[in-house]
Amino acid sequence: MRSVPIGVVILNWNGHADTIACLESLVAADPAPARVVVVDNASTDDSVAVLTRWAGRAQLHPTMVRSGHNRGFAGGNNLGLEVLARDVAITHSLLLNNDATVEPDFFGEVAAALERSPSAGLLGVTIYEGPGRERVWYAGGRLPNARAVVIHGTHVPPATSGTAVPTQFVTGCALLVSRRAWDVLGPLPECYFLYFEDAEYSLRAGAAGFPILYAPRAVVHHLCGATVRRVPLPRKEYWIAYSRALFVRRNRRGPALWRTLAYLALARPVRAAIELLHGRPRLAWAGLSGTIAGLLAIQRDADGRSPGVAQRGSDGVVVHE
């Protein structure tokens, strides 16, 4: 089966066990990826030491990059994408969640899809929830609707090897970016700490004229939120609300903007009131304050606080290569 030089970026935050399971699925893949970069996003556990030990004795030999602070999903992944961009042998880069694993023929199926559709700028794959194939988590997707909600397809179409069909949105859980798209679009938008960075990247890719495709035969299994479950629920709710509102502010214009603003102005206070009635005041305030901050485009750090200048934009350090 034809091989394509694909580099993989895996972002780790306090989840070395999931990350090692992800890496071991890459070891089992045939063909294998051309290169793997693991970015540690300022973990507070022993992730760096554990992953560096694993890398030292594994046949995969990933490049390990450590960030000095938690840069969020976009910022952390950008560190790895920049490493791959400097490797002239890599033609495509794959963002792969650390709580996801690939099936053994994954890279072969991706290569077959790219062979038929060489102009693809972004490529998504079928993602099942958990180890089996009972529940589809992603099978193509649509950009945020009038309520600013991304829609995941859940029907996997019958397809032969190499089939790739048009889609609007590719999830960051398993997002393949061509070098040509990277050269034009640049890094993921780091104004999003969590959520919606993939929606804006998909939107920008389509606006730039890149085909956005979905390859049904390439399969990933996702534990769905293993990392964000380590985040307190109010903080997670804050980031969902913040990023949703920020996406609206940055990407909606004219009547579409006013329709979505009207929906948020009505729906978010109602949601907050419901949380209060259920005795969850912190959750109520997280969603409400996140929406307001996103609409005002107030920059926040990992804890939802206004960051100091010294916390932003620090480079990653390669700790193993």
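Colleague: How many cavities of 30 Å³ or more does the structure hold?

Modeller: The structure holds one. This is a predicted model, where local features need pLDDT of at least 70 and side-chain atom pairs count only at pLDDT 80 or more, while totals for chains, interfaces and linings use all residues. Residues are numbered from 1 along each chain as its sequence is written, and side-chain values use heavy atoms, leaving out hydrogens and water.

Colleague: What makes that space a cavity, and what makes another space a pocket?

Modeller: On a 1 Å grid over the protein atoms alone, a cavity is a set of points where a 1.4 Å probe fits but cannot get out, whereas a pocket is an open set with protein on both sides within 12 Å along at least five of seven lines. Lining residues have an atom within 4 Å of a point. The largest cavity holds about 80 Å³ of space, and its lining includes Leu81, His92 and Trp182. Helix H3 gives the most to that lining, with three residues.

Colleague: And which residues are closest to the centre of the largest pocket?

Modeller: The largest pocket has a volume of about 1,300 Å³, a volume being the space filled by probe spheres set on grid points joined across faces, edges and corners. Of its 49 lining residues, Leu194, Tyr195, Glu197, Val228 and Lys236 are the closest to the centre. Helix H7 supplies the largest share of the lining, seven residues.

Colleague: Why is H4 called largely enclosed?

Modeller: Buried means under 20% relative accessible area (exposed is over 50%, partly exposed in between, with a 1.4 Å probe and protein chains only). Nine of the eleven residues of helix H4 (residues 106–116) are buried, so the rest of the structure largely encloses this helix. Among the buried ones are Phe106, Glu109 and Leu114.

Colleague: Is Thr291 buried or exposed?

Modeller: Thr291, in helix H9 (residues 281–296), has a relative accessible area of 8%, so Thr291 is buried. A polar atom of its side chain lies 2.9 Å from the backbone oxygen of Gly287.

Colleague: How do you know that E2 and E3 pair?

Modeller: Helices (H or I, at least four residues) and strands (E, at least two) are DSSP runs, numbered from the N terminus. Two strands pair if DSSP finds at least two bridges between them. Strands E2 (residues 35–40) and E3 (residues 63–66) have four bridges, in the parallel sense, so they pair. The chain runs from E2 through helix H2 (residues 47–57) to E3 in a right-handed β-α-β crossover: with the strands pointing away from the viewer, the path from the first strand over the helix to the second runs clockwise.

Key. Polar contact = N/O pair within 3.5 Å; in protein donor to acceptor, adjacent residues only side chain to side chain.
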